[in-house]
Amino acid sequence: MLHLALFSFFGAICVAGAINLLAQRHPINSALSLIVVMGSLAVEFMLLGAEFVAVIQVIIYAGAIMVLFVFTIMLLNAGEEERSAGSRIAVLLGVPALLILMGLVAWVLIRQNPASGTVAAGALPGTPPEIGRLLFRDFLLPFEITSVLILIAIMGAVVLARKEH
Amino acid sequence: MSGNLSVGWFVLISVIKILIAVPILLGIVAYTVWLERKLVGHIQNRWGPSRVGPFGLLQPIADGLKLFFKEDLTPPYVHKALYLLAPILSLTLALTSIAVIPVGGWVTIRGARIPLQITDVNVALLIILGITSMGVYGVALAGWSSNSKYSLLGSLRASAQMVSYEVALGLSLVGVLILSGTFSLRGIVEHQLGGFWNWNIFGGGQIVAFFIYLCAAYAETNRIPFDLPEAETELVAGYHTEYSSMKFAMFFMSEYANMVTVACLASVLFLGGWSGPLFGPPVLQALLPVFWFFLRVLFFLFLYIWVRGTLPRFRYDQLMAFSWKFLLPLAIANVIITSLVVALRS
Amino acid sequence: MPDNYFARYLPLLLQVGIALALAGGMVILSALVGKHRYSRAKMSPYECGMTPVGDARERFSVKFYLVAMLFILFDVETVFLYPWAVLLKELKMFGFWEMMVYIGIVLVGLFYVWNKGVLDWSGTPRISVGTPAMTAGPADAPGSTPVFSAPVEGSRS
């Protein structure tokens with residue numbers, strides 16, 4: 001009962017943060033809303049029994065990637081964004097297209113596993129050793145490829161910084 | 001025998017533990033400030049606080065009261081919401097880490113075994129790292145929202161410094177994780193029980209990691225020799241230049257609370273936590289570990305102050321080079337060597 | 001200590017709540033108790049007694065951005081090391097070698113940025129990233145902070 005209440009509460013915070021992210025005009029407020037979204041997502045993961053993913057969500061997303069966002073806003077001294085009416089085509093085509101896409105995804109998900117009943121929180125593997133076994137035994141190649149991805153990202157960051165000049 | 005406590009009782013006991021732990025933490029924070037002023041005074045051939053109470057022992061209380069009654073200024077040029085949020089965020093995060101730190105073994109009250117720790121979770125160490133990584137925002141937001149040059153410069157420096165040393169800090173812990181095979185701080189201590197030769201710093205050969213951890217932690221807490229964010233000679237007070245009254249004190253308190261966390265974590269990870277000789281009646285046997293743990297924490301707090309009284313400040317380029325060009329490669333080397341030894345042995 | 005997974009995290013949530021209440025309470029109490037006597041000098045940003053010159057929010061060296069970027073990448077590397085570290089006794093030598101390949105590739109990246117001078121904060125950087133960073137030093141008066149040289153209009157979104 002308490003579990004459900006907490007889950008709904010942080011879910012609501014998460015959605016509210018996401019809406020606020022779009023509604024805010026100043027980039028730093030939007031960035032902070034995104035941090036709130038990340039933080040409440042971490043709590044949701046925690047409540048679902050994925051403790052490792054939850055903490056990683058905080059360390060990487062809230063604690064590292066969002067730091068870069070906030071940094072960039074501070075460094076560029078980005079001011080309030082100017083509002084425009086928006087393009088009419090985007091509204092006319094975008095909204096129906098989005099609805100269709102979401103409907104499609106939902107349809108496919110329900111078709112794929114129609115009997116996806118409820119799973120007790122913490123019933124699925126979420127502890128660090130279980131994640132580790134998956135990562136370092138079953139999915140070894142994708143894991144090693146991550147390192148190449150990091151290498152490319154490092155080089156990309158340096159090259160981009162040089163180009164700016 | 002861990003499952004014999006109902007959830008309701010468990011939560012009640014946790015609340016009691018929190019209500020004991022938080023005032024103790026705040027007390028330690030207050031008296032670390034006193035200890036610092038006293039010790040630095042003596043290092044510089046002065047007396048330090050000596051007027052309020054015997055040995056100036058009531059000084060922290062006087063300071064606290066004074067700060068509450070000081071003018072609480074919210075300047076008109078600041079971004080108000082973030083300006084208020086920053087100190088709240090800093091202090092909340094600083095007071096949260098204590099929840100997962102074990103201060104002693106188990107006590108048995110009426111047949112229920114209760115750990116001397118607010119809560120023992122599987123990923124305790126990572127939770128502290130997560131809290132540390134969020135600490136950057138307190139500093140960054142304070143500087144940005146203040147809309148003052150010194151604040152902004154100080155906070156930029158502080159954030160760049162904190163993220164740089166976070167990498168070395170995170171890597172220095174990997175050796176300990178390899179040895180103990182768990183993220184639970186209780187598990188890490190229990191792995192080191194049985195004599196000082198079992199401590200990670202000696203038996204585990206983690207002395208290099210210990211050094212890296214201390215350096216990185218000093219930088220994370222913005223303490224001398226890494227106190228560039230608030231280098232008085234150039235930046236006035238760094239990111240909290242525009243803060244007054246209790247809002248300033250909250251940054252101050254969170255710095256010291258973070259120091260206590262660092263001291264606790266250093267004891268737990270490298271110096272065997274609460275391990276030490278046990279003797280006497282059962283009550284003493286239950287409380288001695290807490291005493292041994294407290295001694296270690298005191299030692300690290302003393303070290304903080306000693307270093308502050310001794311070392312000069314780094315230059316900013318030295319500071320960045322020290323993290324990226326020295327600590328980071330050293331930490332990676334430590335991971336490689338430790339893992340090779342452990343892998344060969346198992 | 002119940003074995004219930006969820007119950008173990010409840011005290012953590014309680015701790016956050018109590019810490020937040022304490023911190024919020026301090027701000028409110030100090031706002032209520034403290035004096036409020038405003039004057040014009042108090043209302044201007046601190047600038048060593050001078051009248052403030054210019055806006056505080058200038059643009060800074062792109063170097064800070066690079067540091068944050070490198071931090072993310074090495075943080076990701078570290079996070080992969082954690083589950084591996086607690087599992088190493090089970091993975092044995094195989095685990096050691098798979099991580100050596102991983103660390104080796106990331107180390108190439110470290111040497112690349114090292115060689116490019118991204119980690120140098122003193123003197124003229126070999127890779128020219130904006131104006132020399134506002135590295136610390138007595139010459140670094142806030143009024144003369146180097147302004148990032150990208151055109152202002154172009155980078156405002």
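Visitor: How many residues does the contact take from chain B and from chain C?

Guide: Two residues are in contact if their C-beta atoms, placed from the backbone, lie within 7 Å. The contact here takes 77 residues from chain B and 67 residues from chain C. Several elements give two or more residues to the side of chain B that touches chain C, among them α1 (7-43), α5 (149-172) and α12 (316-345) of chain B. The largest share of that side, 13 residues, comes from α12(B). By class, the side of chain B that touches chain C divides into 49 nonpolar, 16 polar and 12 charged residues. Ala, Val, Leu, Ile, Met, Phe, Trp, Tyr, Cys and Pro count as nonpolar, Asp, Glu, Lys and Arg as charged, and the others, Gly among them, as polar.

Visitor: On what basis should these numbers and names be read?

Guide: This is a predicted model, in which local features need pLDDT of at least 70 and side-chain atom pairs count only at pLDDT 80 or more, while totals for chains, interfaces and linings use all residues. Residues are numbered from 1 along each chain as its sequence is written, and chains are lettered from A and ligands numbered from 1 in the order in which they are written.

Visitor: What is the mean pLDDT of chain B?

Guide: pLDDT is the predictor's confidence in each residue, from 0 to 100. The mean for chain B is 84, and 96% of its residues reach 70 or more. Among the elements of chain B, helix α9 (residues 232-235) has the lowest mean pLDDT (66), and helix α8 (residues 207-220) has the highest (91).

Visitor: How many helices and strands are there in chain A?

Guide: Helices (H or I, at least four residues) and strands (E, at least two) are DSSP runs, numbered from the N terminus. Chain A has six helices and zero strands. Chain C, in turn, comes to three helices and zero strands.

Visitor: What percentage of the residues of chain A count as buried?

Guide: A residue is buried if 20 or more other C-beta atoms lie within 10 Å of its own, exposed if 12 or fewer, and partly exposed in between. In chain A, 28% of the 165 residues count as buried. In chain C, 39% of the 157 residues do.

Visitor: Which element of chain A gives the largest share of the side that touches chain C?

Guide: In this contact, 43 residues of chain A meet 47 residues of chain C. The elements of chain A that give two or more residues to this side are α3, α5 (128-138) and α6 (140-164). The largest share, 15 residues, comes from α6(A). This side of chain A has 29 nonpolar, nine polar and five charged residues.

Visitor: At what angle do helix α3 of chain A and helix α2 of chain C pack?

Guide: Axes are lines fitted to C-alpha atoms, for helices over the stretch in contact, and angles run from 0 to 180 degrees between N-to-C directions. Helix α3 (residues 51-76) of chain A and helix α2 (residues 63-116) of chain C pack at an angle of about 175°, with their axes 9 Å apart. That makes α3(A) roughly antiparallel to α2(C), a term for angles over 145 degrees. Among the residues making the contact are A:Phe52, A:Leu68 and A:Phe71 of α3(A), and C:Phe64, C:Met69 and C:Val76 of α2(C). The residues of this contact divide into 19 nonpolar, one polar and one charged.

Visitor: Is C:Met69 buried or exposed?

Guide: C:Met69, which lies in helix α2 of chain C, is buried, with 25 other C-beta atoms within 10 Å. Leaving aside its neighbours within four places in sequence, C:Met69 is in contact with A:Leu68 and A:Ala157.

Visitor: What span should helix α4 of chain B have?

Guide: The expected span of a helix is 1.5 Å times one less than its number of residues. The 23 residues of α4(B) (residues 124-146) should span 33 Å, and the end C-alpha atoms are 34 Å apart, which agrees. Of the 23 residues of α4(B), 23 are buried, so this helix is largely enclosed by the rest of the structure. B:Asn147, whose phi is positive, near 60°, follows α4(B).

Visitor: Against which elements do the buried residues of α1(C) pack?

Guide: The buried residues of α1(C) include C:Tyr9, C:Leu10 and C:Met26. The buried residues of this helix pack against α2 (27-47) of chain A together with α1, α2, α3 and α10 of chain B. The 29 residues of α1(C) (residues 5-33) should span 42 Å, and the end C-alpha atoms are 43 Å apart, which agrees.

Key:
Parallel < 35°, antiparallel > 145°, perpendicular 65-115°, else oblique.
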